[in-house]
Amino acid sequence: MILIADGGSTKTNWCLINEAGRKIHFNTEGYNPYFAKQDYIENSLRTTLPDSLDASKLEEVYYYGAGCSTDGNKKIVSDAMQKVFVNAKINVDHDLLASCRALLGDEPGFAAILGTGTNTCLYDGEGITLNIDSLGYFLGDEGSGSFIGKRLLADYMKGFMPKGLSESFFNIYGLSNEDIFDNIYNKPLPNRFCASFSKFLYDFKTTYQEYAEDVVDTAFTAFFEKLVKHYPNYNKHLLNVVGSVGYSFRDRLSVVADKYEMGVGKIIRSPIDDLVEYHLSKR
């Protein structure tokens, strides 16, 4: 049996391929090693894996995760998983490589993640050849859910959000300014907290169209200005994107991409299905 996973900062999508070749999908929370350490990951896996999964029977695990871009961070995740999947060979790599394989397969091109966080790269069909660091939610992650969420929270706290939308925000979340500060500065996973509000904007994007488009277009413009356009001959490539934010707001992403004379290729919410097919084709 083999287990394949695409792990974002918020959620991990898993696919188990059992002895009969059947694909079994399930989800757990995300395990970004910048925010979740070895003990946390191990304990979470033990409590959230399906009861029907016999971890001792796994032969290989392919885990692609947010934050798994350094040897140290890969080791945090690998060590945690080895404690759970005791007989399996553990393979840990960056979620950006998973996106490349899901979006482009063996073909070269440009790939990006627009989910809780942001990442971008050039891919030669085998590996990543150039990556401009997005610097995470505090210093960068332009275009991401956390970037959009920070704008929403700031507008809400400063009174810049349209009145009706602000009232809806309070009715749904009941957050005071003190609550927001506490979640961002004192509680764990502030990136996930900020990113969670991108869904709120999506839910109200038709009712408050002008405001929603301004927020999203500003985020995607920053994505191009601070990341995409700094790749050599960026607009000679198609923009291929994986992630909930890129997929949910793909209409506005296409509008902004057009302003930068970049065509749009494949946009998917999650790479897991394409990633599974990629691995099966290599067996």
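Tutor: Start with a definition. A charge sits over a ring if NZ of Lys or CZ of Arg is within 6 Å of the ring centre and within 35 degrees of the ring normal. In this predicted model, Arg-250 lies over the face of Tyr-247, 4.1 Å from the ring centre.

Now turn to rings that pair with rings. The whole structure holds 17 aromatic pairs. Take Phe-169 and Phe-197. Their ring centres are 5.4 Å apart, and their planes meet at 40 degrees, so the pair is tilted. Planes under 30 degrees apart would count as stacked, and those over 60 as edge-to-face.

Where do Phe-169 and Phe-197 sit? Phe-169 belongs to helix 6, residues 163-173. Phe-197 is in the loop between helix 8 (190-195) and helix 9 (198-203). The pair therefore ties together parts that are 28 residues apart in sequence. Are the two residues buried or exposed? Both Phe-169 and Phe-197 are buried.

The two also belong to one aromatic cluster.

The domain assignment gives domain 3 as 147-216. Domain 1 covers 2-87, and domain 2 is made of 103-138 and 218-270. The centres of domain 1 and domain 3, taken over C-alpha atoms, are 31 Å apart.

Notes: Residues are numbered from 1 along each chain as its sequence is written. This is a predicted model: local features need pLDDT of at least 70, side-chain atom pairs count only at pLDDT 80 or more; totals for chains, interfaces and linings use all residues. Side-chain values use heavy atoms; hydrogens and water are left out. Rings of Phe, Tyr and Trp (its six-membered ring) pair if their centres lie within 6.5 Å; planes under 30 degrees apart count as stacked, over 60 as edge-to-face and the rest as tilted. Helices (H or I, at least four residues) and strands (E, at least two) are DSSP runs, numbered from the N terminus. Buried means under 20% relative accessible area, exposed over 50%, partly exposed in between (1.4 Å probe, protein chains only). Domain bounds come from an automatic or database domain assignment.
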